[in-house]
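We will go from one stop to the next, selecting as we go.

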Amino acid sequence: VQLQASGGGLVQPGGSLRLSCVASGSFVIIASMGWYRQAPGKEREFVAVMSDGGSTNYADPVKGRFTISRDNAKNAVYLQMNSLEPEDAAVYYCYVKVDQHFYWGQGTLVTVSS
């Protein structure tokens with residue numbers, strides 16, 4: 001399973017970005033798709049996840065600002081990020097769970113700065 005993430009970039013505080021991640025390879029069902037992030041000098045932290053049934057879970061710092069969605073036909077997961085804050089700056093990693101295994105994308109950098 002390979003994951004390709006995109007959509008990162010530089011945005012001003014209060015701005016928005018939409019991250020995308022597409023999975024490819026040999027699999028039947030992707031159980032869950034989600035995002036983690038890692039800021040410089042910090043550990044990787046959970047951001048959001050969506051199950052194949054459509055249930056979602058968000059980290060407290062992003063609730064109400066970020067929205068996760070997925071397109072099962074495209075094997076894609078998205079993260080709409082609104083009202084971005086400097087604290088959201090990080091490398092964002094997508095992941096999928098397939099057959100009890102986790103696979104990770106290469107990361108996409110989000111910079112929040114004026």
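**Stop one: the disulfide**

Select Cys 21 and Cys 94: their link is right-handed, with 55 degrees about the S-S bond. The S to S distance is 2.0 Å, and a disulfide here is a pair of cysteine sulfur atoms within 2.5 Å. Cys 21 lies in strand S3 (residues 17–24) and Cys 94 in strand S9 (residues 90–98), so the pair ties together parts that are 73 residues apart in sequence. Strands (E, at least two residues) are DSSP runs, numbered from the N terminus.

Before moving on, note that this is a predicted model, where local features need pLDDT of at least 70 and side-chain atom pairs count only at pLDDT 80 or more, while totals for chains, interfaces and linings use all residues. Residues are numbered from 1 along each chain as its sequence is written, and side-chain values use heavy atoms, leaving out hydrogens and water.

Are the two cysteines buried or exposed? Cys 21 is buried, at 0% relative accessible area, and Cys 94 is buried at 0% too. Buried means under 20% relative accessible area, with a 1.4 Å probe and protein chains only.

**Stop two: Ser 20**

Now select Ser 20, also in strand S3. Ser 20 is buried, with a relative accessible area of 17%. Leaving aside neighbours within four places in sequence, its contacts (heavy atoms within 4.5 Å) include Gln 4, Trp 35 and Tyr 78.

**Stop three: Phe 66**

Finish with Phe 66. With neighbours within four places in sequence left aside, Phe 66 is in contact with residues including Arg 37, Val 47, Leu 79, Met 81 and Tyr 92.

Notes
Helix = DSSP H or I, 4+ residues; strand = E, 2+ residues; numbered from the N terminus. Buried < 20%, exposed > 50% of the residue type's maximum accessible area, 1.4 Å probe, protein only.
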